[in-house]
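Here is a briefing on selected local features of one protein model. Look through the sequence and structure before reading on.

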Amino acid sequence: MTTTEADLLQTIVAATRRTVESRVRTTSSSELEKRIDRQPRGDAFRFAIRSSSAPRIIAECKRRSPSRGILRAEYEPAAHAAAYEAGGAAAISVLTESTFFDGSLSHLAAVRAAVALPILRKDFIVDRYQLLEAAVHGADAVLLIVGALDDGALARLSREARELELAALVEVHDAGELRRAIDAGADIVGVNSRNLRTLSVDPSVLDDLIGQMPAGISAVAESGIRTEGDISRLTARGYHAFLVGERLVTEPDPGLALQTLRGLLPKGTPFDQAQGRE
């Protein structure tokens, strides 16, 4: 069945709510809280995307996307994360949404066991229960998508994340969502050039919104970032970090691809050739 343009995000959010309701019946919030044996390092995530060595890339582990299908048949998130760490990633993002991205909390736990870098749980967060899951499985930050939440839920989840010492990467797609993110107290804002309702990518969104970003906000560019040149240009525009997934995970050697994207390898590598840079 083809999901219509207007309801893709709503469909994913509805599926997420059903999944959370099912998990709550198995393990209560109070039981989950008792399982937190590691303090999330939200401050380490904030430092990594603002003050670590540039260019700062949040390298993503994901097996599938709704727009492209299976990205990597032999998907080993822990191995990919270790390669990203060796390649100079500032942080790691792990997709945990199961229905549309083939993600799992077990992937998050495996990555946590494999790397020392700060980790972002990337999912469609709609409930505090998911924040507790993130903390239990080793995340230091969570993604909050403004388009998936009303103002009350956005403010509440932002506050609850802080209480758990999780950083929140608050994702926006237009000027109205940016205003809502700021009003909710966001200190890290991700501008996603991919429209989650249509899956189309419009790189101009990254240029349009960075000019409206208040001072003091850590700005993260998301989607459509494919070359070292993209990163150089967007850094000059004011972005502090970049979340890159498909461009890396689809490469035979994700770690090598990351090094090349960060400008750490000589021009002329196979990754450069694939980008038409020779």
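The model is predicted. Helix 4 and helix 5 come within 8 Å of each other, axis to axis. Arg247 is buried, and its side chain has a polar contact with that of Glu251. The backbone features are a cis peptide bond from Ala54 to Pro55 and positive phi values at Glu165 and Ser223.

**Helix 4 against helix 5**

- Helix 4 covers residues 77-86, and helix 5 covers residues 105-114.
- Their axes cross at roughly 40 degrees. Helix 4 is therefore oblique to helix 5, because angles under 35 degrees would count as roughly parallel and 65 to 115 as roughly perpendicular.
- The crossing of helix 4 past helix 5 is right-handed.
- Helix 4 contributes Pro77, Ala78, Ala81 and Glu85 to the contact. Helix 5 contributes His107, Ala110, Val111 and Ala114.
- By class, this contact of helix 4 with helix 5 has six nonpolar residues, one polar and one charged.

**Arg247**

- Arg247 sits in helix 11, which spans residues 246-249.
- The relative accessible area of Arg247 is 6%. Arg247 therefore counts as buried, since the cut-off is under 20%.
- The side chains of Arg247 and Glu251 make a polar contact at 2.8 Å.

**Cis peptide bond**

- The bond from Ala54 to Pro55 is cis, and its omega is near -5 degrees.
- Pro55 belongs to the loop between helix 3 (42-50) and strand 1 (57-61).

- Glu165 is not a glycine, yet its phi is positive, at about 65 degrees.
- The loop that holds Glu165 runs between helix 7 (151-163) and strand 7 (167-172).
- With a relative accessible area of 43%, Glu165 is partly exposed.
- Ser223 is found in the loop between strand 9 (218-222) and helix 10 (228-237).
- Ser223 has a relative accessible area of 19%. Ser223 is therefore buried, as 19% is under the 20% cut-off.

How values were computed
Residues numbered from 1 in each chain as written. Predicted model: local features only at pLDDT ≥ 70, side-chain atom pairs only at ≥ 80, totals over all residues. Heavy atoms only, no water. Axes fitted to C-alpha atoms, helices over the stretch in contact; angles between N-to-C directions. Helix = DSSP H or I, 4+ residues; strand = E, 2+ residues; numbered from the N terminus. Parallel < 35°, antiparallel > 145°, perpendicular 65-115°, else oblique. Left-handed = near helix turned anticlockwise from the far one by under 90°. Contact = heavy atoms within 4.5 Å. Nonpolar A, V, L, I, M, F, W, Y, C, P; charged D, E, K, R; others polar. Buried < 20%, exposed > 50% of the residue type's maximum accessible area, 1.4 Å probe, protein only. Polar contact = N/O pair within 3.5 Å; in protein donor to acceptor, adjacent residues only side chain to side chain.
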